[in-house]
Amino acid sequence: MLASTITVPTLIPRIGDGGPRHLEGWRALPTLPAVLFRFLGVVANPGSSDPQLVELIWTDPALLARAMAAVHASPATRNLPVTQLRVAIASLGRERLRHLAYTTPLLRSVEPMRAGFHSATFWERSLLCACACEAVAHQLGLPAPAQYYVAGLFHDIGYLRVLQEKPAALRAVIEQWTARQGDRLEIEAEVFGMDHCRLGAELAAQLQLPAWLREAIERHHSPAPDSDRILRITSIGSAFCSYKGVDFFPARTLSPSLREREMKEIIRCLLPELPEGSASELLAGMKETIAPVRNWISGMLVELQPAATKEIPGYSAGYQAKTVSAGRT
Ligand SMILES: [Fe+2]
């Protein structure tokens with residue numbers, strides 16, 4: 001049986017294409033001041049390159065959503081494969097990227113912007129999930145690992161709306177979940193009005209994100225062994241972040257060995273095509289991938305250093321994944 005973090009038996013209604021009225025004004029997702037200030041610094045630095053700008057955009061759901069919208073606005077690149085997305089974003093040009101930087105709203109927060117607080121946790125979780133999903137795709141030798149990265153980056157965008165509009169409600173959910181053994185999505189639905197998966201699905205529809213991405217956002221807490229592979233790997237990435245303690249919710253299983261066993265079981269359940277023993281290899285690959293990224297995130301959150309002084313680990317150097325045979329991929 002899968003861990004409670006992903007076995008949520010929810011029937012989440014699909015939403016219409018028009019987008020609900022209460023989401024008006026959410027055409028631009030907000031981001032952290034730390035991320036936006038770093039991005040503004042890179043934009044303003046004449047010595048920085050377009051690939052440096054794109055690498056920073058690539059780490060943030062709000063900036064990437066806006067860049068994707070700009071790329072998809074052109075008929076020539078409307079249906080561009082995700083593998084070509086970075087090049088397409090770079091080709092938007094410095095002026096358009098500068099405009100994007102100046103018009104991306106800040107995530108309002110009553111908390112200090114440092115590690116361990118909710119808005120920072122959201123950003124760290126999104127980025128680590130993205131890197132973990134991409135690492136799994138690399139290890140399985142899947143085509144277009146960037147697609148898995150993007151799904152991981154966006155999977156929890158429903159929380160952005162909560163963080164922006166009612167951060168106290170998130171605290172209330174965490175307290176209720178800690179006090180009683182309820183289903184976290186059900187508690188969210190009671191407190192937020194709908195859970196973060198459904199909130200995220202509505203945002204994704206409004207932002208006109210592609211269908212495969214909406215599925216990962218909407219159903220990452222209710223995957224099945226025969227679900228779409230992007231959804232299954234996004235669920236693994238999400239569970240991996242919780243396993244590593246990057247979550248709004250405290251872990252219910254305190255023993256590290258038990259948590260590791262649960263994580264491997266999730267991998268085995270969601271990737272039944274893997275040969276025996278591969279779950280350990282996949283998990284090791286995810287851990288190896290995120291270690292330098294976590295250090296980079298800590299640097300971003302504790303200080304606003306001069307722009308473009310740090311490279312994002314795992315991108316410029318290139319992640320060298322070991323291959324795990326997946327039987328059918
Ligand atoms: Fe989630």
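Me: Gln208 sits in the loop between H11 and H12. What makes Gln208 partly exposed?

Reply: First, some housekeeping. This is a predicted model, where local features need pLDDT of at least 70, side-chain atom pairs count only at pLDDT 80 or more, and totals for chains, interfaces and linings use all residues. Residues are numbered from 1 along each chain as its sequence is written. Now the cut-offs: buried takes 20 or more other C-beta atoms within 10 Å of a residue's own, exposed takes 12 or fewer, and partly exposed lies in between, with C-beta atoms placed from the backbone. Gln208 has 15 other C-beta atoms within 10 Å, so partly exposed it is.

Me: And what is the phi of Gln208?

Reply: Positive, near 60°, in a residue other than glycine. Ala144 also has a positive phi, near 55°. Ala144 is in the loop between helix H6 (118-139) and helix H7 (145-154).

Me: Why is Ala144 called partly exposed?

Reply: Because the count for Ala144 is 14 other C-beta atoms within 10 Å.

Me: How do you know that helix H11 is mostly covered?

Reply: Count along residues 196-206: 10 of the 11 are buried. The buried ones include His196, Cys197, Arg198 and Leu199. They pack against helix H8 (158-165), helix H10 (184-192) and helix H12 (211-219). The protein chain has 15 helices and 0 strands.

Me: Ser222 is in the loop between H12 and helix H13 (229-243). What does Ser222 count as, and why?

Reply: Partly exposed, because Ser222 has 18 C-beta neighbours inside 10 Å. Ser222 and Cys197 are 25 residues apart in sequence, and their C-alpha atoms are 9.9 Å apart in space.

Me: Which residues of H12 and H13 make the contact?

Reply: Trp212, Glu215, Ala216 and Arg219 of H12, with Ile230, Leu231 and Thr234 of H13. Contact here means C-beta atoms, placed from the backbone, within 7 Å.

Me: Last one: how do you know that the buried residues of H5 line one face of the helix?

Reply: In helix H5 (residues 94-103), the buried ones are Leu97, Leu100 and Ala101. Seen down the axis, they fall within an arc of 100°, so they line one face. The arc is taken over the directions from the helix axis to the C-beta atoms. In general, an α-helix has 3.6 residues a turn, so residues three or four places apart point the same way. The face of H5 turned away from the buried side carries the exposed Glu95, Tyr102 and Thr103. What covers the buried residues of H5 includes helix H1 (33-44), helix H2 (50-57) and helix H3 (61-72).

Definitions and conventions
Helix = DSSP H or I, 4+ residues; strand = E, 2+ residues; numbered from the N terminus. Contact = placed C-beta atoms within 7 Å.
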